[in-house]
Amino acid sequence: MSHKVYVTRIIQKPGPAALEAAGCTLTYWESADAIPREELIKNLKADTYDGLLCMLTDKIDGEVLDAAGPQLKVVSTMSVGYEHIDLEECKKRKITVTNTPNVSTDSVAELTVSLLLMTARRLKEGVRAVKAGKFTEWKPTWLCGAEITNRVVGIFGLGRIGYGVARRILPFGPKKMLYHDVVQVSFAADVGAEYRENLEDMLREVDFLCICCNLTPQTRHRINKNTLAKMKKTAIIVNSGRGGVIEHNDLCDALQNGVIAAAGLDVTEPEPLPKEHPLVALDNCVILPHMGSNTCDSRDNMSLTAGNNILNVLQSKKPMGLVA
């Protein structure tokens, strides 16, 4: 096999190694940082590539595909999400689009539960207090958080990650587990999760809300001023799905005015969130730099899957993560 593949940044070795072992020639954007759009377009025009291995941060639209040329056969994103790729433009050009499903499920589920505990137990505030020398003695009323035990947990999006979150939360002994999704799923019974057809009905009941859904026209800004107002004042929200599910200005107002108690965000809109954004300064808002799949195992598997997806398409085989 003699194919050329463009990789939009330096990634873990397994994927590139698999491509090179199959005889592919790889060209990289030689940085761990995102490639500027103008550089991507210029570099794609400079040669003829059969495959493009990209990231969630790379907008792959008609202009980029024109720069790549008509010989491009596959766009493989090293991510689960693929909203950065114009699927219609790829379809017009008969370009296969692939992603990396399943391989980061466990790492994202673990991170979600970690973020929930960090937010509920006010760990960020505790760390800051120690660093600032404010921990001078133990006090019975200081930095009291919330327990999961005997509380109601709601999961917005009970897919693979949502199910993984529910399975990990179950040993904490929640009073009840609820979920909202587009349809009921049979495996919810495995974690004792009860279906709520209307999101608002679930929001009224929950003490903790874990957002694990994809970003779609139906979920965009689904958590907003109106839906937040239906929640308990003691409620805590954690989002490891997509930043756009939450209207951030509404969330900020809710946190500042006591509409809900706290929030933990691994994803934001925009991303990264500017350091001047008022959410960043709030003690009752924990913001992480999109760390859901940040484990060595997960990233190695994502890299290998993204590489193998390209190979499978070029070899006329069905890729693991076929999107379109």
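UniProt positions are given here in the numbering used for this model, feature names are shortened, and annotations may be inferred rather than shown by experiment. The model itself is predicted.

**Stop 1: the complete chain**

Along the principal axes, the C-alpha atoms fill a box of roughly 65 × 50 × 35 Å. The radius of gyration of the protein chain is 22 Å, which agrees with the value near 20 Å that a compact globule of 324 residues would have.

**Stop 2: surface and charge**

Switch to a surface display. The accessible surface of the protein chain comes to about 15,800 Å², and carbon and sulfur atoms account for 51% of that area. Of the 324 residues, 49% are buried.

Now colour the charged side chains. How many positive and negative side chains does the protein chain have? There are 38 positive and 38 negative ones, and the centres of the two sets lie 3 Å apart.

**Stop 3: two annotated spans**

Select residues 11-323. An unreviewed UniProt entry places the feature "domain: D-isomer specific 2-hydroxyacid dehydrogenase catalytic" there. Over residues 11-323 the chain is 35% helix and 14% strand, with end C-alpha atoms 21 Å apart.

Then select residues 114-292, where UniProt (unreviewed entry) places the feature "domain: D-isomer specific 2-hydroxyacid dehydrogenase NAD-binding". Residues 114-292 are 28% helix and 16% strand, and the end C-alpha atoms of the span lie 10 Å apart.

**Stop 4: Thr48**

Select Thr48, in the loop between helix H2 (37-45) and strand E3 (51-54). Is Thr48 buried or partly exposed? Thr48 is partly exposed, because its relative accessible area of 44% falls between the 20% and 50% cut-offs. Leaving aside neighbours within four places in sequence, Thr48 is in contact with Lys4 and Gln71. For a distance to draw in the viewer, take the C-alpha atoms of Thr48 and Ala22: the two residues are 26 apart along the chain, and these atoms are separated by 18 Å.

**Stop 5: Lys94**

Move to Lys94, in the loop between helix H4 (87-92) and strand E5 (96-98). Phi of Lys94 is near 60°, a positive value in a residue other than glycine.

**Stop 6: the loop between E11 and H11**

Select the loop between strand E11 (262-265) and helix H11 (278-281), where Pro270 lies. Which residue is joined to Pro270 by a cis peptide bond? The partner is Glu269, and omega of the bond is about 0°. Pro272 is also found in the loop between E11 and H11. A cis peptide bond joins Glu271 and Pro272, again with omega of about 0°.

**Stop 7: His290**

Finish at His290, in the loop between strand E12 (285-287) and helix H12 (296-314). Phi of His290 is near 50°, a positive value in a residue other than glycine. His290 is partly exposed, with a relative accessible area of 25%.

Methods. Residues are numbered from 1 along each chain as its sequence is written. This is a predicted model: local features need pLDDT of at least 70, side-chain atom pairs count only at pLDDT 80 or more; totals for chains, interfaces and linings use all residues. Side-chain values use heavy atoms; hydrogens and water are left out. The radius of gyration is taken over C-alpha atoms; the globule rule is 2.2 Å times the number of residues to the power 0.38. Buried means under 20% relative accessible area, exposed over 50%, partly exposed in between (1.4 Å probe, protein chains only). Accessible areas come from the Shrake-Rupley method with a 1.4 Å probe; for residues, only the protein chains shown count as cover. Lys and Arg count as positive and Asp and Glu as negative; His and the chain ends are not counted. The place of a charge is taken as NZ of Lys, CZ of Arg, CG of Asp or CD of Glu. Helices (H or I, at least four residues) and strands (E, at least two) are DSSP runs, numbered from the N terminus. Contact means heavy atoms within 4.5 Å.
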